Amino acid sequence: MNTSKLAAIAVLSTFLSGTVQAAVASEWDRKLLFGPSSALLEREEAGNVTIYDGVLASDVDRAMDEQFDRVESMMFVRTLYPAEGGAYEAEEDCD
């Protein structure tokens with residue numbers, strides 16, 4: 001195989017593994033958001049904040065409606081918004 005093909009394969013595999021990792025992390029956060037364990041609810045009642053990373057904007061909106069009593073214990077970072085081509089783009093959290 002020539003060098004350019006190897007380089008393309010390396011770049012593609014790195015991109016895909018990052019995408020898969022982000023999707024898995026986002027799904028884990030989504031499960032915590034909509035199906036919190038009793039231990040998580042106890043920690044939030046004690047004043048702890050749960051940080052949700054890479055959650056879809058539509059899930060944030062849904063959480064604001066369905067989990068309203070927990071809103072003060074939630075923090076969302078790198079929220080994903082729909083972008084062109086069916087992809088999602090992370091919100092810029094820093095100015």
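Colleague: Why is Ser58 called partly exposed?

Modeller: Buried means under 20% relative accessible area, exposed means over 50%, and partly exposed lies in between, with a 1.4 Å probe and protein chains only. Ser58 has a relative accessibility of 48%, so Ser58 counts as partly exposed. The residue lies in helix α3; helices are DSSP runs of H or I with at least four residues, strands are runs of E with at least two, and both are numbered from the N terminus. Keep in mind that this is a predicted model, where local features need pLDDT of at least 70, side-chain atom pairs count only at pLDDT 80 or more, and totals for chains, interfaces and linings use all residues. Residues are numbered from 1 along each chain as its sequence is written, and side-chain values use heavy atoms, with hydrogens and water left out.

Colleague: How far is Ser58 from Leu80 in sequence and in space?

Modeller: The two are 22 residues apart in sequence, and their C-alpha atoms are 8.8 Å apart.

Colleague: What makes one side of α3 the buried one?

Modeller: In α3, residues 57-66, the buried residues are Ala57, Asp59, Val60 and Ala63. They cover an arc of only 160° around the axis, which puts them on the same side of α3. That arc is taken from the directions from the helix axis to the C-beta atoms. Asp61 and Asp65, on the other side of α3, are exposed.

Colleague: How do you know that Asp29 has no salt bridge?

Modeller: A salt bridge needs a side-chain nitrogen of Lys or Arg within 4 Å of a carboxyl oxygen of Asp or Glu. For Asp29, the nearest side chain of opposite charge is Arg78, 7.5 Å away. Lys and Arg count as positive and Asp and Glu as negative, while His and the chain ends are not counted. Asp29 sits in helix α1, residues 3-34, and is buried.

Colleague: Which residues does Asp29 touch, not counting those up to four places away in sequence?

Modeller: Asp29 touches Ile51, Tyr52, Asp53 and Val55, where contact means heavy atoms within 4.5 Å.

Colleague: How many helices and strands does the chain have?

Modeller: There are 3 helices and 4 strands, in the order α-α-β-α-β-β-β from the N terminus. Of the 95 residues, 22% count as buried.
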